[in-house]
Amino acid sequence: MSERIPVQVIEVTPSLPPIANKPLSASSGPIHTRRFTGFYRDLRRLGAGLLCLLFFGTLWLDWDGRQAVLWSLEESKFYIFGATFWPQDFILLSGLLIICAFGLFFITVFAGRVWCGYTCPQSVWTWMFMWCEQLTEGDRNQRIKLAAAPWSLGKLLRRSAKHGLWLGISLATAITFVGYFTPVRELVANLVTWEIGGTALFWVIFFAAATYINAGWMREQVCIHMCPYARFQSVMFDKDTLIVSYDSARGESRGPRKKGSDPKALGLGDCIDCQMCVQVCPTGIDIRDGLQIACIGCAACIDACDDIMERMGYAPGLVGYSSERALEGGKTRLLRPRLIGYAVALVLMIIALAWLGATRAQLSVDVIKDRGMFRENAAGEIENIYNLKLINKTQREQRYRVELADDAGFRLQGDQEVRIGAGEILSLPVSVALTEDSGPAGSRPLRFVVRSLDEPDTEASASSTFVSPRH
């Protein structure tokens with residue numbers, strides 16, 4: 001048993017070359033993307049254009065003499081076209097955010113990070129800033145040469161023009177964003193005349209700086225390291241999720257060749273290793289290394305690769321939207337339980353939110369009892385003082401009548417008919433007198449009812465208590 005077991009070292013040669021352990025987002029330097037064209041680029045531009053039109057254009061619309069969409073923090077009102085929302089309607093905002101979250105879950109299970117690649121504001125503004133780079137500094141190779149060149153008057157002018165455009169877009173973005181919380185026409189006029197308040201000026205500068213830094217300097221770092229969506233997307237994918245994929249079975253072995261040559265005779269696949277898919281990627285990854293957390297699903301590599309395949313006379317689709325199941329030789333299942341579950345939940349929540357919005361109370365009543373427990377009036381009756389807070393949520397002036405739901409033993413004193421302007425709040429002090437001496441001492445339930453005299457179907461109520469020392 002003392003003999004040693006002989007050991008023989010066997011060298012194993014891998015069948016495929018190892019993938020280099022490169023850091024995310026090409027940390028060796030800034031990413032210079034190449035100009036390209038294609039179907040998905042046009043689709044992305046359409047989505048970005050609609051987003052910009054919605055963002056920059058909506059707040060300039062008027063509705064009944066005011067800004068159509070305005071979240072007035074000073075008044076605690078939210079104007080959305082013909083509707084006025086109050087903090088009491090926060091449940092509707094919560095429901096809208098939940099619907100957006102489920103919509104994001106649904107689209108992620110179906111087609112991966114298409115939201116990131118096509119309509120995410122970070123991506124849209126980054127592409128916008130990269131277009132400014134191409135406009136002022138040229139295409140990829142020209143920008144690389146310019147970055148490596150010593151400083152000169154030409155370089156200074158090009159860089160100044162680029163940053164000037166960046167700052168202009170950032171300032172327009174900040175003014176627009178702040179304009180949703182304060183009237184935009186007044187904000188722009190105050191900026192032009194240098195009469196803007198300190199708070200508004202701070203937020204304009206803050207959001208302009210955030211846009212300039214995020215879209216101009218940080219870019220892909222936001223998508224990779226700061227956005228939580230990049231982290232939890234992997235747990236939402238399944239084998240049938242459509243993702244940007246490289247068909248390695250068709251593309252390998254990759255290598256250069258002359259146009260018109262037979263790749264099979266050369267022992268090569270369809271990939272000519274031109275690096276175009278890498279050069280157009282806004283996050284600097286190589287999609288041929290497989291799905292990566294830095295891929296935002298923008299399909300720039302698909303457009304670039306399809307263009308090369310067309311030039312070489314090969315079929316398109318070497319890089320395209322596919323699923324893991326399809327790459328393994330199976331067939332992608334578009335309808336599957338999880339996707340259907342998200343779709344059903346999304347439809348039900350949209351219906352529920354629409355119903356809540358349509359049946360939202362147009363009148364709100366809150367009751368605040370005076371801190372004094374009770375008092376005795378000149379007639380010897382016990383009185384309690386209340387302050388009614390009435391909110392008219394309609395878009396026109398309303399007349400209301402205040403009553404007691406069960407006035408047996410009680411008498412309401414004070415103004416019982418009031419007028420409230422559109423979207424206004426009225427604090428109405430009233431007193432309630434106890435007209436009968438019988439009954440237990442202590443607190444008794446009391447309910448105020450407010451009815452609209454202009455719209456009989458509109459009413460609201462609020463409960464309180466009446467305190468009395470009498471038996």
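Biologist: On what basis are residues and values reported?

Modeller: Residues are numbered from 1 along each chain as its sequence is written, and side-chain values use heavy atoms, with hydrogens and water left out. Because the model is predicted, local features need pLDDT of at least 70 and side-chain atom pairs count only at pLDDT 80 or more, while totals for chains, interfaces and linings use all residues.

Biologist: What is the order of the strands in the open sheet of three strands?

Modeller: Strands (E, at least two residues) and helices (H or I, at least four residues) are DSSP runs numbered from the N terminus, and two strands pair if DSSP finds at least two bridges between them. β3 (69–72) and β5 (83–85) each have a single partner strand, so one side of each is left without a neighbour in the sheet. The pairing is antiparallel, and the order is β3-β4-β5.

Biologist: Which residue of β5 is the bridge partner of phenylalanine 78?

Modeller: β4 and β5 are paired in the antiparallel sense over three bridges. In β5, its bridge partner is phenylalanine 85.

Biologist: Which residue in the turn between β3 and β4 has a positive phi?

Modeller: Four bridges join β3 to β4 (residues 77–80). The two strands form a hairpin with four residues between them. The turn residue with a positive phi, about 55°, is serine 76.

Biologist: In the open sheet of four strands, which strands stand at the edges?

Modeller: The order of this antiparallel sheet is β13-β11-β15-β16. Each edge strand has a single partner, so one side of each is left without a neighbour in the sheet. The edge strands are β13 (417–420) and β16 (459–468).

Biologist: Which residue meets arginine 451 in a salt bridge?

Modeller: A salt bridge is a side-chain nitrogen of Lys or Arg within 4 Å of a carboxyl oxygen of Asp or Glu. Here the N to O distance is 2.4 Å. Arginine 451 lies in β15 and its partner in β11 (residues 398–404), so the pair ties together parts that are 48 residues apart in sequence. The partner is glutamate 403.

Biologist: How many residues apart in helix α13 are aspartate 307 and arginine 311?

Modeller: The two residues form a salt bridge, with the closest N and O atoms 3.2 Å apart. Aspartate 307 is partly exposed at 27% relative accessibility, and arginine 311 is exposed at 52%. About one helical turn separates them, because in α13 (residues 300–312) their spacing is four residues.

Terms used: Buried means under 20% relative accessible area, exposed over 50%, partly exposed in between (1.4 Å probe, protein chains only).
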